[in-house]
Amino acid sequence: MTDGIAGDRHDKLTALRAEGVDPFPARVAKGQPIAEVLEGFDDKLESTVTIAGRLSQVRDFGKLRFSHLTDRSGSLQIGFERDALPEFWPIRKKVESNDLVSVTGVLGHTKKGERTLWAKDVTLASKALRPAPEKWHGLQDQEQRYRMRYVDLFANPEVRETFATRSKIVREVRHYFDSLEYLEVETPILQPLFGGAAARPFTTHHNALDMPLFLRIAPELYLKRLIVGGMERVYEIGRVFRNEGISTRHNPEFTMLESYEAFADYKDIMDRVEGLFQHLVDKVLGGEGKVTFRDKEYDLKPPFQKARYLDLFAEQNPGVDWFEHEQVVARAKQLKLKTDDIEPAKLANDVFEATVEDTLIGPVFVHDYPTAISPLAKRMADDPRVAERFELFVAGMELGNAFSELNDPIDQEQRFEEQVVDKDDETPGEVDVDYVTALEFGMPPAGGLGIGIDRLCMLLTGSTSIRDVVLFPLLRRIDPNANQAPEQGAAEQGAAEQGAAEQGGNEATPEASKPQ
């Protein structure tokens with residue numbers, strides 16, 4: 001312990017042990033959640049209760065001490081009186097702010113009327129060898145909050161509330177799909193071929209089989225194999241991994257919902273999405289559909305707006321035909337976008353992202369995407385250049401992506417082969433023959449959906465960064481021997497974000513079937 005305060009705490013730890021007090025006992029009395037104790041408090045006066053949690057700053061008045069004790073449900077003042085605590089009083093100064101304790105006492109008030117638990121027995125549950133942040137109400141440095149989430153959670157109650165809401169959102173997403181008789185399934189995270197999206201994968205190696213493997217960028221192709229197998233309605237909520245930039249909207253590992261329904265099309269899936277949002281409005285937002293996100297209010301109650309992709313492109317890029325490459329290149333250069341070595345369809349979509357996405361206030365379904373950027377979607381019967389696909393946008397941010405799924409094995413194999421010819425770091429190096437084989441056994445018409453759970457949580461909690469809804473976001477590693485200042489680390493993180501923004505982050509993959 002080199003820190004002076006931490007060193008003092010270490011000395012107190014040693015002293016406690018010398019006095020026969022175990023600073024890290026295996027168990028203590030857990031007691032009641034503080035929220036339960038506070039409910040109907042005045043009707044419980046003089047009752048004896050036990051609570052356990054973390055102490056905040058201790059205030060010493062000689063024969064009397066006060067502190068607040070906080071657990072996951074709330075906070076309550078503790079009163080320590082010398083005459084009531086003959087065993088604890090001699091060691092009282094060795095039990096301090098940030099220590100965890102179990103307290104049994106009698107409910108009452110102070111002379112000023114503050115609700116208080118007057119301690120009769122105090123047991124040290126865990127000696128904290130580091131103090132809490134100076135201001136009990138939280139870490140102020142943003143990057144330190146992410147790096148030290150374990151402190152952020154107990155120092156900032158609103159952070160705990162955000163993650164409690166996230167848990168509720170995921171639970172209600174499951175309830176919604178379960179109510180529609182979807183089966184929740186699990187598909188491989190380690191895959192011999194990456195697919196189901198266009199994104200750069202993380203690679204690894206299986207020693208026993210001596211073969212390369214990829215962390216999945218999407219579960220799509222495995223889930224659709226289940227539709228072939230007759231499971232008809234399936235969904236998965238799980239982690240996916242994309243070896244790309246980071247930003248306020250992107251983390252290299254993120255949580256995805258994907259669902260597939262046999263004998264449905266993308267219009268049916270629009271209905272499912274609106275049903276899901278209505279369910280979340282009712283169960284998470286308490287029936288109030290309005291949320292504030294990035295200083296603007298949005299109404300999440302269905303029905304949502306609808307707009308065709310090519311119409312939006314034409315509105316923001318007059319005189320530019322999406323399918324005319326020379327026109328697109330000229331517009332891209334005007335926008336100062338990278339044009340060298342960019343496949344034509346991707347470049348056209350880059351222009352769409354640069355000119356249209358920020359205008360999509362929403363919620364709005366952008367539908368009927370070009371087939372060239374939708375390799376797993378069914379073509380429109382009356383215009384094969386366009387696919388039955390939609391994306392849901394709110395505040396210029398893509399939340400979901402859906403198709404009428406391509407189930408023609410000949411068409412699918414041809415599209416896979418075209419991908420291999422145009423191969424880059426974001427497309428598989430070979431055709432997924434087994435998936436084509438599965439389609440040859442017959443897949444019914446189906447509608448598929450992907451929703452980025454992290455972005456959904458951002459919207460519903462009003463969080464401006466994906467790192468505010470991911471418990472342990474990826475950050476640049478700091479050398480523990482470098483003694484790097486928090487401000488320096490934050491600057492490097494900002495530079496990384498800027499780099500991701502310039503590269504387009506994960507949104508630079510227009511063929512990606514499902515978003516973060």
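The legends below describe close-up views of a predicted model.

Residues are numbered from 1 along each chain as its sequence is written. Local features need pLDDT of at least 70 and side-chain atom pairs count only at pLDDT 80 or more, whereas totals for chains, interfaces and linings use all residues, and side-chain values rest on heavy atoms, without hydrogens or water.

View 1. Helices (H or I, at least four residues) and strands (E, at least two) are DSSP runs numbered from the N terminus. Strand E1 (residues 48-55) has 6 of its 8 residues buried, so it is largely enclosed by the rest of the structure; buried means under 20% relative accessible area with a 1.4 Å probe, protein chains only. E1 pairs antiparallel with strand E5 (residues 100-109) over 7 bridges, and pairing requires at least two DSSP bridges between two strands. Within E5, Thr 104 stands opposite Thr 50. E1 also pairs antiparallel with strand E3 (residues 64-71), over 2 bridges; there, Thr 70 is the bridge partner of Arg 54.

**View 2. The mixed open sheet.** The order of its 8 strands is E7-E11-E12-E19-E18-E17-E16-E15. Strand E7 (183-184) and strand E15 (305-308) are the edge strands, each pairing on one side only.

**View 3. Strands E17 and E18.** Strand E17 (residues 389-394) and E18 run antiparallel, joined by 6 bridges. Ala 402 in E18 is the bridge partner of Phe 390.

**View 4. Glu 398 in strand E18.** Glu 398 belongs to strand E18 (residues 397-404). Because its relative accessibility is 11%, Glu 398 counts as buried. Glu 398 and Arg 455 lie 57 residues apart in sequence, with a C-alpha to C-alpha separation of 8.3 Å.

Methods: Buried means under 20% relative accessible area, exposed over 50%, partly exposed in between (1.4 Å probe, protein chains only).
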